Amino acid sequence: MPLDVIQEKSLTEVIDYALEYPSMVLAATKSGNILSTALVDFSYGLYIGYISGVFFDKFLSENKRFLNDEEMTDFYAKVASRNPEIMLKIKAHLKVKQ
């Protein structure tokens, strides 16, 4: 069974929050000595890690279980559908030319 409407709304809120405050999610990018090409990939990993961690923690506390395979597939599909928006926010925050 895929994510229900309430869980989808929760995921959307987590993604929207992360996109609204990129400096919070991308704070670790300033501390490293990372090449600019790898910086975007590293930053994307930070975003997905942040979104996943917040969503999974909330899901676990509300449902007292982890996501099953169908829910996990649905979660990643919904995150993947927001990839262009996430990448634009990363590049804008890091001032990387498109």
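Biologist: In which helix is Met-87 found?

Modeller: Bear in mind that this model is predicted. Met-87 belongs to helix α5, which covers residues 83-94.

Biologist: Is Met-87 buried or exposed, or partly exposed?

Modeller: Burial is read from relative accessible area, and under 20% counts as buried while over 50% counts as exposed. Met-87 has 23%, so this residue is partly exposed.

Biologist: Which residues does Met-87 touch, beyond those up to four places away in sequence?

Modeller: Its partners on that count are Val-40 and Tyr-44. In sequence, Val-40 and Met-87 are 47 residues apart, yet their C-alpha atoms are 7.9 Å apart in space.

Biologist: How does Glu-71 read, buried or exposed?

Modeller: The relative accessible area of Glu-71 is 4%, so Glu-71 is buried, the cut-off being under 20%. Glu-71 sits in helix α4, residues 69-81. With neighbours within four places in sequence set aside, Glu-71 contacts Met-1, Pro-2, Leu-3, Gln-7, Phe-59, Arg-65 and Phe-66.

Biologist: At what angle do α1 and α4 pack?

Modeller: Helix α1, residues 5-20, packs with α4 at about 40°, and the axes are 11 Å apart. Angles under 35 degrees would count as roughly parallel, and 65 to 115 as roughly perpendicular. The pair falls between these ranges and is therefore oblique. The crossing of α1 past α4 is right-handed.

Biologist: Which residues meet where α1 and α4 pack?

Modeller: From α1 come Gln-7, Glu-8, Leu-11 and Ile-15; from α4 come Glu-71, Asp-74, Phe-75, Lys-78 and Val-79. By type, the residues of this contact are four nonpolar, one polar and four charged.

Methods
Residues numbered from 1 in each chain as written. Predicted model: local features only at pLDDT ≥ 70, side-chain atom pairs only at ≥ 80, totals over all residues. Heavy atoms only, no water. Helix = DSSP H or I, 4+ residues; strand = E, 2+ residues; numbered from the N terminus. Buried < 20%, exposed > 50% of the residue type's maximum accessible area, 1.4 Å probe, protein only. Contact = heavy atoms within 4.5 Å. Axes fitted to C-alpha atoms, helices over the stretch in contact; angles between N-to-C directions. Parallel < 35°, antiparallel > 145°, perpendicular 65-115°, else oblique. Left-handed = near helix turned anticlockwise from the far one by under 90°. Nonpolar A, V, L, I, M, F, W, Y, C, P; charged D, E, K, R; others polar.
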